[in-house]
Amino acid sequence: MEKIIVRGGQRLYGTVKVEGAKNAVLPVIAATLLASDGKSVIRDVPTLSDVYTINEVLRNLNAEVSFNNNTIVVDASRVLKEEAPFEYVRKMRASVLVMGSLLARNGRARVALPGGCAIGSRPIDQHLKGFEAMGAKVKVGNGFIEAEVDGRLRGAKIYLDFPSVGATENIMMAATLAKGTTIIENVAKEPEIVDLANFLNKMGARVKGAGTGTLRIEGVDVLFGADHNIIPDRIEAGTFMVAAAITGGNVLVQGAVPEHLSSLIAKMEEMGVTIIEETDGVRVIGPDQLKSVDIKTMPHPGFPTDMQSQMMALLLRAEGTSMITETVFENRFMHVEEFRRMNADIKIEGRSVILNGPSNLQGAEVSATDLRAAAALILTGLVADGVTRVTELKHLDRGYVNFHEKLAALGADIERVKEAEENVVEFQKYVTDLNA
Ligand SMILES: CC(=O)N[C@H]1[C@@H](OP(=O)(O)OP(=O)(O)OC[C@H]2O[C@@H](n3ccc(=O)[nH]c3=O)[C@H](O)[C@@H]2O)O[C@H](CO)[C@@H](O)[C@@H]1O
Ligand SMILES: C=C(OP(=O)(O)O)C(=O)O
């Protein structure tokens with residue numbers, strides 16, 4: 001088992017570069033299946049386990065995929081298969097995003113039912129409602145969802161009950177090759193939706209309205225491979241912004257796009273953090289004492305749920321009482337118990353968490369409950385007294401490239417070890433301290 005070991009107490013200084021966005025690249029890779037002619041070239045792709053998983057999904061569907069130097073090339077021009085098995089969907093829920101493309105290209109798709117996960121039940125009823133409105137027959141049974149259409153999908157008017165990111169993406173992809181025009185209302189407005197729409201339009205699709213509440217998609221007969229650069233990862237950027245602020249450091253987060261981060265910037269400024277927009281990114285300077293604030297997660301441009309646990313780490317250090325309310329996922333507070341192990345003064349009340357700060361944080365052995373919780377626990381370790389060991393790093397590797405190395409380059413006392421190596425590392429530290 002691997003662990004990250006953090007020794008608290010170092011302020012972070014320097015520059016960190018943001019990778020391409022996980023949540024943009026996954027739907028873009030799924031969209032490459034729509035091209036029956038030509039290759040797609042996707043650049044600035046982060047080397048994350050989720051990316052390797054979706055590449056495997058595509059290869060199993062008979063697409064040719066190569067991944068070198070942060071660039072993916074996909075040739076989906078051969079006849080595609082139609083099934084994404086449970087082995088992939090279990091590893092990564094975003095595998096369901098191939099459904100819209102497959103249905104549009106093949107007229108049939110079979111994808112394993114995702115099931116619940118550590119942050120909530122996460123149904124996909126809104127995706128399926130969209131496919132049905134476009135003429136597909138959807139059947140759920142034996143752990144699979146099967147969707148089939150006679151001939152081509154047909155343009156339709158669809159209203160989403162909630163601005164679901166995945167449903168917006170899946171239905172948008174399906175609609176690109178439908179006969180006629182599709183209008184989707186109450187759609188998600190996340191920057192990753194805009195990135196996907198831009199890629200689809202480069203492929204020859206006609207998508208309008210991305211970034212607003214309504215999408216209008218005129219179906220076309222054929223789509224072609226296209227060349228595309230993925231947008232910077234706003235959640236990775238936000239995580240390093242919190243790392244700078246929590247340690248009272250001064251860090252330039254290179255590649256961070258301020259317009260994608262406006263709710264986070266506003267909340268951090270309310271807490272007393274200095275944020276400076278520079279030409280190539282965002283500089284974050286942490287104050288000596290953070291102020292408490294209240295936060296409510298919402299669909300974009302509201303405060304992102306994917307920054308909730310990292311902000312919780314920051315609020316543990318703030319003076320006074322703060323409240324965080326989670327409205328996007330019904331069960332995204334699993335990390336609270338782990339924070340408690342680090343002596344956090346924190347309690348759950350329904351869909352909210354109340355924090356009384358600043359907590360006198362202590363290093364402890366903690367377990368990552370999901371991807372962002374993994375990052376949040378490591379951030380807490382940066383300011384806790386003593387040593388923090390974080391396990392279950394498979395979650396971290398889904399969304400962060402070389403997280404501990406990037407933090408170490410900024411001055412953190414952090415390393416990643418296999419369990420057997422840990423004793424050796426501890427011994428080396430002991431000898432170094434003795435000689436100091
Ligand atoms: C790969 C990716 O991009 N993941 C992001 C995406 O996930 P994902 O696309 O799964 O998130 P959604 O926006 O779809 O889900 C938001 C809420 O809507 C509910 N819902 C969703 C679809 C549906 O058919 N029915 C339904 O009830 C979900 O259970 C959840 O409570 O957006 C989330 C919300 O910003 C982020 O946390 C994830 O990091
Ligand atoms: C919840 C997340 O991702 P996913 O939807 O892929 O589980 C996330 O990125 O924080």
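The shell around ligand 2 takes at least three residues from each of domain 1 (2-19 + 232-427) and domain 2 (22-229); the domain bounds come from an automatic or database domain assignment. This is a predicted model, in which local features need pLDDT of at least 70 and side-chain atom pairs count only at pLDDT 80 or more, while totals for chains, interfaces and linings use all residues. Residues are numbered from 1 along each chain as its sequence is written, chains are lettered from A and ligands numbered from 1 in the order in which they are written, and side-chain values use heavy atoms, with hydrogens and water left out.

The residues that surround ligand 2 (a heavy atom within 4 Å) are Lys22, Asn23, Ile119, Arg122, Asp306, Arg332, Leu371, Arg372 and Arg398. By class, this shell holds 2 nonpolar, 1 polar and 6 charged residues; Ala, Val, Leu, Ile, Met, Phe, Trp, Tyr, Cys and Pro count as nonpolar, Asp, Glu, Lys and Arg as charged, and the others, Gly among them, as polar. Helices α1 (22-31) and α12 (371-381) each contribute at least two residues to the shell of ligand 2, helices being DSSP runs of H or I with at least four residues and strands runs of E with at least two, numbered from the N terminus.

Polar contacts here are pairs of N or O atoms within 3.5 Å. Polar side-chain atoms of Arg122 and Arg372 each lie 2.7 Å from an oxygen atom of ligand 2, and one of Asp306 lies 3.1 Å from an oxygen atom of ligand 2. On its own, ligand 2 exposes 300 Å², of which the protein buries 87% (Shrake-Rupley method, 1.4 Å probe).

Ligand 1 has 16 residues around it, the closest being Gln126, Ser164, Gly166, Asp306 and Val328. Its shell divides into 6 nonpolar, 6 polar and 4 charged residues. Helix α5 (125-133) gives the most to this shell, with 3 residues, and α6 (165-176) supplies at least two. The shell around ligand 1 also draws at least three residues from each of domain 1 and domain 2.

A nitrogen atom of ligand 1 is 2.8 Å from a side-chain N or O atom of Asp125, and an oxygen atom of ligand 1 is 2.5 Å from a polar backbone atom of Val328.

Cys117 lies in the loop between β8 (108-112) and α5. UniProt, in an unreviewed entry, places the feature "active site" at Cys117; such annotations may be inferred rather than shown by experiment. With a relative accessible area of 32%, Cys117 is partly exposed, since buried means under 20%, exposed over 50% and partly exposed in between.

Notes: A polar contact is a pair of N or O atoms within 3.5 Å; within protein, one must be able to donate a hydrogen and the other to accept it, and residues adjacent in sequence count only if both atoms are side-chain atoms. Buried means under 20% relative accessible area, exposed over 50%, partly exposed in between (1.4 Å probe, protein chains only).
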